[in-house]
Amino acid sequence: MTPHTQTLSRRLVAVALATGVFLLSPALGAQKSGVPTKADARAITHVLNRLGYGPRAGDVERVQAMGLEKYIDEQLRPERIDNSALDARLAEFTTLSMSTRELAEKYYQPANEQRREVKKEQAQQPPPKPAAGQDMTMNGAAPPPPQPNAQLTPEQRQIQQAQQNITNELMQAKVLRAALSDRQLEEVLSDFWFNHFNVFVGKGQVRQYLTEYERDAIRPHVLGNFRDMLGAVAHSPAMLFYLDNWQSQTPNPPVNVNQKFQLRLGNPNINARQREEMMRRAQQQQDQQKRPQRGINENYARELMELHTLGVDGGYTQKDVIELARILTGWTIDRPQAGGEFVFNPRMHDTGTKQFLGVSFNGGGMDEGERALDILARHPSTAHHIAYKLAQRFVADEPSKALVDRAAKVFTDSKGNLRDVTRTIVTSPEFFAAETNRAKVKTPLEFVISAVRATGATVVNAQPMVVALRNLGMPIFGAQPPTGYSMTADAWVNTGALLNRMNFAVQLLDGGRVQPAEQPRRQGGPPPPNFNQQGGFTRPQGRGRAQQMMARGPIQVDIATIAPDTSDTSRDLVIKSLLGGQVSDATRQTLARAESSQQLIALALGSPEFQKR
């Protein structure tokens, strides 16, 4: 952060703390239950905040003109909404449309091979000689290890950066879709379902499968059928690698008897004793050649029931976890390092009899896994678990039992039609109840995107948004546990987090020059475009239009349009455009102390009202 923005941020925080603005106030406003036929601005803003990432300038008036019910229906049918402008913007990210195998062949394998060569060359080099009179082992200190990227040629650096750029493009695409897409509900649900079926970008080969996972396993199904999405995830190498199922196998694989050996066994001149001896030697040879068996891994089976379907109180036992793990043995990946696809390996599969959730499985193959997914998808506990999580996302941290029960019944009756379940929730009386308005605290993702949308920012480069989410404790695709990120207030409300949000507001209004928090960058993580060695955005030199745009900042906000000055009129304008016209007296007092238009907008973005949706 520049000295100017640091000073401004400190002053704004002092003002906010002095008036208690960081204390999240009770939800404001009231609205009759059900979808109102003549919705006012508050009801429309509520819908825009819940079905999307908040209103942009003019959105409330547009929805009011078309009718709120029609808008909700339109969002539930995203294929009918023109998204060509966003598609054109995303076309610059060429890796988004590539298969995992293509990514592996073009980027990951060359980079991995190069790293092996560099490591081999460094291992063959003699250790550095100490300077005259210098003891390299003085005080027990070992010589510093060689730096892998210290001596790379420009061509080698380009190969490494090209590999790193794949994940960077995917992250930027996510925030651009959220900020710019008119299919707002689709983007909210894509984030929700990725989080539901979470995988962690930092685990092994997950990184190279991530593009295909989000694009093919999650996004096409968010308003489709739950069983289809469950199956797509179960067949995804990203999930199989993340939860280790690709290594899960029966501890007693069958003896590998080739055709030639079978012919010898079938020789009528061989007696029973000779045949038995031949089998014994074949088994002994196989035991000597094969690697130590990994055995059954329960990770995916457990999370498949606890998180993806039944829920933690879904009525299953540890025995069911073990049996499901046995059923899913053989669901693996063909050569993960090469970007291989899902395969079923019958030699890894446990063919024994199993009893899962009261249903018998007798010696099948891959079909056993499909049957298990069918059972889980139509189980009443799954209907309740999915209904609860969707209601928690759209309505309240603790949704009412009546709403969850109604949504669960729709899930069951429609055989997992997610469009119908979502419609039930977002058109419910509970959704429009007075106590629901501003009852949810925004996650860092929701805060950053809503700030960009509310200010009408021009996003020249989306990387600052990616960096901001890392600073705010919600790195994209960076949730390590299978639970994903929390959707409830307790995970995100604390003084430090709110201070960081104010810092982002200040940086956003300073051209979007978001500075990374002072923490070590993940090993192998790419430096964002236009970042200098100190981690700050540079101001590009040159006279071209692109350089001129970047010189104004990667994210540009027209401050004068939002708040021409700090007068009462400008303050009311800010309250209407950014805060929906509903603020507490404490917030009004805080905004009145702003000394500049930039401060006024930053304080509005840092207010308790803006932290809620």
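Q: What makes Gly-224 count as partly exposed?
A: Its relative accessible area is 24%. Buried means under 20%, exposed means over 50%, and partly exposed is in between (1.4 Å probe, protein chains only). So Gly-224, at 24%, lands in the partly exposed band. One thing to keep in mind: this is a predicted model, in which local features need pLDDT of at least 70, side-chain atom pairs count only at pLDDT 80 or more, and totals for chains, interfaces and linings use all residues. Residues are numbered from 1 along each chain as its sequence is written, and side-chain values use heavy atoms, with hydrogens and water left out.

Q: Where does Gly-224 sit, and which residues is Gly-224 in contact with, leaving aside its neighbours within four places in sequence?
A: Look in the loop between helix H9 (206–218) and helix H10 (226–234). Helices here are DSSP runs (H or I, at least four residues), strands are E runs of at least two, and both are numbered from the N terminus. Contact means heavy atoms within 4.5 Å. With neighbours within four places set aside, Gly-224 is in contact with Gly-416, Asn-417, Leu-418 and Arg-419. Gly-224 and Leu-418 are 194 residues apart in sequence, yet their C-alpha atoms are 5.5 Å apart in space.

Q: How many helices and strands does the chain have, and what share of it is buried?
A: There are 27 helices and 6 strands. Of the 613 residues, 52% are buried.

Q: What makes Phe-477 and Asp-244 buried?
A: Phe-477 has a relative accessibility of 5%, so it counts as buried. Asp-244 has a relative accessible area of 15%, and that makes it buried too. Both residues sit in loops: Phe-477 between H21 and helix H22 (495–508), Asp-244 between helix H11 (237–242) and helix H12 (259–265). Neither is a glycine, but each has a positive phi, about 60° for Phe-477 and near 70° for Asp-244.

Q: Why is H2 called largely enclosed by the rest of the structure?
A: Because 9 of its 11 residues are buried. Among them are Ala-43, Ile-44, Val-47 and Leu-51. The cover over the buried residues of H2 includes H3, helix H4 (68–75), H8, helix H17 (380–394) and helix H19 (418–426).

Q: Why are H7 and H21 called roughly perpendicular?
A: Helix H7 (residues 154–180) and helix H21 (residues 463–471) pack at about 95°, with their axes 9 Å apart. Angles of 65 to 115 degrees count as roughly perpendicular (under 35 is roughly parallel, over 145 roughly antiparallel, and the rest oblique). So H7 and H21 are roughly perpendicular to each other.

Q: Which residues of H7 and H21 meet?
A: Asn-168, Met-171, Gln-172, Val-175 and Ala-179 in H7 meet Gln-463, Met-465, Val-466 and Leu-469 in H21. By class, this contact has 6 nonpolar, 3 polar and no charged residues. (Ala, Val, Leu, Ile, Met, Phe, Trp, Tyr, Cys and Pro count as nonpolar, Asp, Glu, Lys and Arg as charged, and the others, Gly among them, as polar.)

Q: What makes a space a cavity or a pocket?
A: On a 1 Å grid over the protein atoms alone, a 1.4 Å probe fits in a cavity but cannot get out, while a pocket is an open set with protein on both sides within 12 Å along at least five of seven lines; lining residues have an atom within 4 Å of a point. The whole structure holds 5 cavities of 30 Å³ or more. The largest cavity has about 240 Å³ of space. Its lining has 19 residues, with Asp-191, Asn-195, Leu-445, Met-474 and Tyr-485 nearest its centre. H8 gives the largest share of that lining, 4 residues.

Q: How much space lies in the second largest pocket?
A: About 710 Å³. Of its 35 lining residues, Pro-55, Lys-576, Ser-577, Leu-578 and Gly-580 are closest to the centre. The lining divides into 10 nonpolar, 15 polar and 10 charged residues.

Terms used: Axes are lines fitted to C-alpha atoms, for helices over the stretch in contact, and angles run from 0 to 180 degrees between N-to-C directions. Grid points are joined across faces, edges and corners, and a volume is the space filled by probe spheres set on the points.
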